[in-house]
Each structure stands twice: as structure tokens, then as C-alpha cells.
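Reader: I'm new to this one. Can you walk me through it?

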Amino acid sequence: MLKKGDKAPEFEGIDQNGNSIKSSDYKGKKYVIFFYPKASTPGCTAEACDLRDNEEALKAKGYEIIGVSADSVKRQKNFATKNDLNYPLIADEERKIIEAFGVWGRKKFMGREFDGIHRTTFIINEKGVIENVIEKVKTKEHAKQILEL
């Protein structure tokens with residue numbers, strides 16, 4: 001997994017609206033890229049909605065928001081529409097971005113082990129360098145975690 005001080009990897013993906021979202025679109029800007037396991041699940045919904053509800057505060061600090069999961073474009077679209085999410089949700093079905101950031105790996109949940117996305121958020125500065133990494137995401141208070149950094 002990438003860490004504070006690392007250069008954020010170049011990436012490109014398709015969001016819920018079929019738009020191409022590239023790291024180069026954010027050159028000279030600060031952004032928050034959050035990785036979540038599965039659209040429309042309770043934890044992911046709480047996290048995405050908390051960021052939506054605090055989007056103005058995040059933008060006031062200069063942050064753009066990008067969500068990434070291995071869900072399909074259609075699933076991301078349904079998730080965004082149902083929850084009124086107006087920031088890009090990249091459908092990374094081939095896990096290129098997920099693996100570039102190092103958030104794919106072994107997980108334990110309810111006593112079983114499997115490979116999946118580790119819920120992780122990266123805060124990237126204007127120079128494309130990772131300023132902070134949040135590994136212990138509080139889904140209902142995630143914006144607060146970011147804003148207090």
C-alpha cells in the first residue's frame with residue numbers, strides 16, 4: 001500500500017456517467033480518493049453519503065472527491081443515483097487503480113478470509129504527493145476524519 005510522502009500513481013477510469021476520469025485532470029489540485037469494497041452496501045453507503053453531506057466543507061479546503069470500487073459502471077450509476085452522489089465514482093472492474101494504490105488484498109470478515117478492497121482513503125496534494133492515508137475509516141464520520149488532518 002502506498003504511504004504518506006509517496007507520489008500518487010497515474011490513473012484513468014470510467015465513472016458512473018461514462019466520463020473518463022484521469023489523474024491528470026487533477027494536476028495542480030488537491031483531491032481525496034477513497035476506495036470502498038462494494039457500492040450500495042451499508043458501510044459504503046454511509047461513507048459515500050457522509051462525504052456527499054460534507055462536500056462543501058471539503059471543497060472549502062480545496063479538495064475534490066473521487067470514489068473507486070471494482071463495481072461496474074451500471075452499479076456505480078445506480079449507487080450514485082439512489083444516494084444523490086454528484087462526485088465521480090470510478091468503476092475499476094479490472095482493479096488497475098485499486099492495485100496501483102495497493103488496496104487489494106486478504107481480508108477477514110465474519111470469520112472468513114477472502115481477497116478484496118481494503119477501505120482506504122488517500123489525500124493527495126497539488127503536487128500529486130500523498131499527504132495522508134486513512135486506513136481506519138469511520139464510515140459515518142469520514143469527512144470529519146479528512147477535515148481534521
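This is a predicted model: local features need pLDDT of at least 70, side-chain atom pairs count only at pLDDT 80 or more; totals for chains, interfaces and linings use all residues.

Reader: Where does Gln76 lie?

Author: Gln76 lies in helix H3, residues 73-83. Helices are DSSP runs of H or I, at least four residues; strands are runs of E, at least two; both are numbered from the N terminus.

Reader: Is Gln76 buried or exposed?

Author: Gln76 is buried, at a relative accessible area of 0%. Buried means under 20%, exposed over 50%, partly exposed in between (1.4 Å probe, protein chains only).

Reader: Which residues is Gln76 in contact with?

Author: Leaving aside neighbours within four places in sequence, they include Tyr36, Ser69, Leu89 and Ile90. Contact means heavy atoms within 4.5 Å.

Reader: New topic. What is the strand order in the open sheet?

Author: The order is S5-S4-S3-S8-S9, with mixed pairing. Two strands pair if DSSP finds at least two bridges between them.

Reader: Which strands stand at the edges?

Author: S5 (89-91) and S9 (130-134). Each has a single partner strand, so one side of each is left without a neighbour in the sheet.

Reader: How many bridges join S3 to S8?

Author: Five, and these strands, residues 30-35 and 120-124, run antiparallel. Ile33 stands opposite Phe122 in S8.

Terms used:
Residues are numbered from 1 along each chain as its sequence is written. Side-chain values use heavy atoms; hydrogens and water are left out.
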